Amino acid sequence: MNFLSTFVTFENLHEVRRLCHWGPVIALSVIAICSTMAILDSIIWYWPLDTTGGSINFIMLINWTVLILYNYFNAMFVGPGYIPLGWKPENIQETQYLQFCRVCQGFKAPRSHHCRKCNRCVMKMDHHCPWINNCCGHQNHAYFTSFLLLAPLGCSHAAIIFIMTMYTQLYERISFGWSTVKIDMSAVRQFQPLMPFSVPAFAATLFALGLALGTTIAVGMLFFIQVMILLNIPKIQHYQTGEEFIFPYDLGTRWLNFKQVFTWSGTPKGDGIEWPVHPKCHQHTLTIEQLKQKADKRVRSVQYQAVEDYNGACCPLSKGLQTFFRTPCTEEPRIPLSKGDTILATRGTKWWMYGDKVLSEEQMRAGDRVRGWFPRRCVEKCHYDTAASDSTSDKKVN
């Protein structure tokens with residue numbers, strides 16, 4: 001049991017339920033298919049017990065699978081780290097620079113955000129990733145980034161195996177017409193394959209090749225985006241309001257930024273609440289900027305009134321084909337509307353809008369908040385817009 005705990009740390013046993021989600025199901029299915037087919041095709045193409053090259057190829061393949069799963073499960077189960085419920089700074093004077101979370105009934109520490117999916121304030125939240133069904137944040141940032149690096153490398157290796165297996169098995173069966181292309185097949189022809197390469201095997205290999213190439217491209221792009229965030233400025237935390245702003249957590253060099261996340265022990269530096277900052281900044285430089293962001297959003301919000309009922313469906317066919325097919329590709333919630341409801345919209349597309357439903361005083365005192373997407377055709381802009389004036393007393397609330 002101690003051996004297993006060194007690989008995956010479960011905060012609680014109920015964390016296993018994170019596997020019961022479409023993201024981990026798809027991710028683990030792709031890993032299983034690519035790994036299984038790569039192992040089988042390695043046996044067909046390059047038997048590992050006959051040559052040194054075959055042994056190295058097989059060991060590397062197993063190594064990719066183990067490392068990918070190790071970092072994937074740690075990113076999922078270790079988690080990002082959460083701000084304690086009801087947290088407040090030791091110095092009460094600092095609360096004026098912090099936002100208050102009504103759900104967690106505490107103040108948001110610098111760099112933290114409240115995640116609607118996890119229903120907690122997350123330390124150094126980057127984003128909520130559906131593929132691990134958890135947030136990427138302070139404690140699992142290194143595991144998540146390592147997974148994004150290893151997955152394309154492993155899939156690239158698997159893709160080479162798939163291509164070479166199909167080529168070697170079809171080499172004598174189909175004339176490719178490549179009179180000038182010669183590949184030395186002597187090393188891989190020293191034995192007869194243990195498994196026949198039939199038509200179903202060819203179809204399965206071709207399917208696995210598509211998954212491997214698609215994963216290499218998609219996850220590789222995510223890796224480069226994550227590296228930019230890790231070494232420079234996280235975009236979720238940087239919101240300009242027209243003033244000169246120095247990102248406080250950029251320590252000046254990429255190497256110093258890198259060492260804040262990746263350590264030899266595997267545990268990131270810091271406690272997730274206080275951070276080393278740029279010499280020209282202080283602990284609350286970013287939180288002050290976020291308060292300005294909130295005020296700016298309230299000024300820019302537009303008041304709408306619902307003119308049609310909406311049940312909160314993700315793809316409502318009754319609201320028109322364009323609304324059905326142009327539904328936002330996001331896990332952000334849809335909010336049901338009743339005729340006469342008032343909504344403060346902050347952004348939107350041609351067919352959908354995003355905003356907060358105006359609630360009763362009792363609901364607001366209870367800490368309720370209804371926020372999400374709704375079809376644009378279900379609302380009309382109010383002739384009088386009191387959005388800015390109605391929210392002046394709610395400056396530091398989640």
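Reader: At 29% relative accessibility, does Phe258 count as buried, partly exposed or exposed, and what is the cut-off?

Author: Phe258 counts as partly exposed at 29% relative accessibility, because buried means under 20% and exposed over 50%. This is a predicted model, and the values below are computed from it.

Reader: Which class does Phe262 fall into?

Author: Phe262 has 23% relative accessibility, so this residue too is partly exposed.

Reader: How are the rings of Phe258 and Phe262 arranged?

Author: Planes under 30 degrees apart count as stacked, over 60 as edge-to-face. The planes of Phe258 and Phe262 stand at 15° and the ring centres are 4.8 Å apart, so this pair is stacked.

Reader: How many aromatic pairs does the structure hold?

Author: The structure holds 15 aromatic pairs. Among them is Phe100 with Phe107, an edge-to-face pair with 75° between the planes and 5.2 Å centre to centre. Phe100 is partly exposed at 25% relative accessibility, whereas Phe107 is buried, with 16%.

Reader: Which residues form one aromatic cluster?

Author: Tyr72, Phe73, Phe77 and Phe147 form one such cluster.

Reader: What is the nonpolar patch on the surface made of?

Author: Trp22, Ile26 and Trp131 make up this patch, with about 300 Å² of accessible area together. Ile26 lies in helix H2, residues 22–45. With a relative accessible area of 41%, Ile26 is partly exposed.

Reader: Now the strands. What is the general idea for the side chains of a strand?

Author: In a regular strand, side chains alternate between the two faces of the sheet.

Reader: In which order do the strands of the open sheet stand here?

Author: The order of the five strands is S10-S9-S8-S7-S11, with antiparallel pairing. S10 and S11 (379–381) are the edge strands, each pairing on one side only. On average, neighbouring strands of this sheet are turned by 45° against each other, direction ignored.

Reader: Is strand S9 mostly covered or mostly open?

Author: Strand S9, residues 352–357, is mostly covered, with six of its six residues buried.

Reader: How does S9 pair with S8?

Author: S8 (residues 342–348) and S9 are antiparallel and share five bridges. A hairpin of three residues joins S8 to S9. Across this pairing, Arg347 stands opposite Tyr354 in S9.

Reader: How many bridges join S9 to S10?

Author: Five bridges join S9 to S10 (residues 371–375), and the two strands run antiparallel. Gly355 stands opposite Gly372 in S10, and the bridge partner of Asp356 is Arg371 in S10.

How values were computed: Residues numbered from 1 in each chain as written. Predicted model: local features only at pLDDT ≥ 70, side-chain atom pairs only at ≥ 80, totals over all residues. Heavy atoms only, no water. Buried < 20%, exposed > 50% of the residue type's maximum accessible area, 1.4 Å probe, protein only. Helix = DSSP H or I, 4+ residues; strand = E, 2+ residues; numbered from the N terminus. Pairing = 2+ DSSP bridges. Axes fitted to C-alpha atoms, helices over the stretch in contact; angles between N-to-C directions. Patch = residues over 30% accessible without salt bridge, like charges linked within 9 Å, V, L, I, M, F, W, Y side chains within 5 Å. Areas by Shrake-Rupley, 256 points an atom, 1.4 Å probe, with all protein chains shown as cover. Salt bridge = Lys/Arg side-chain N within 4 Å of Asp/Glu carboxyl O. Phe/Tyr/Trp six-rings, centres within 6.5 Å; stacked < 30°, edge-to-face > 60°.
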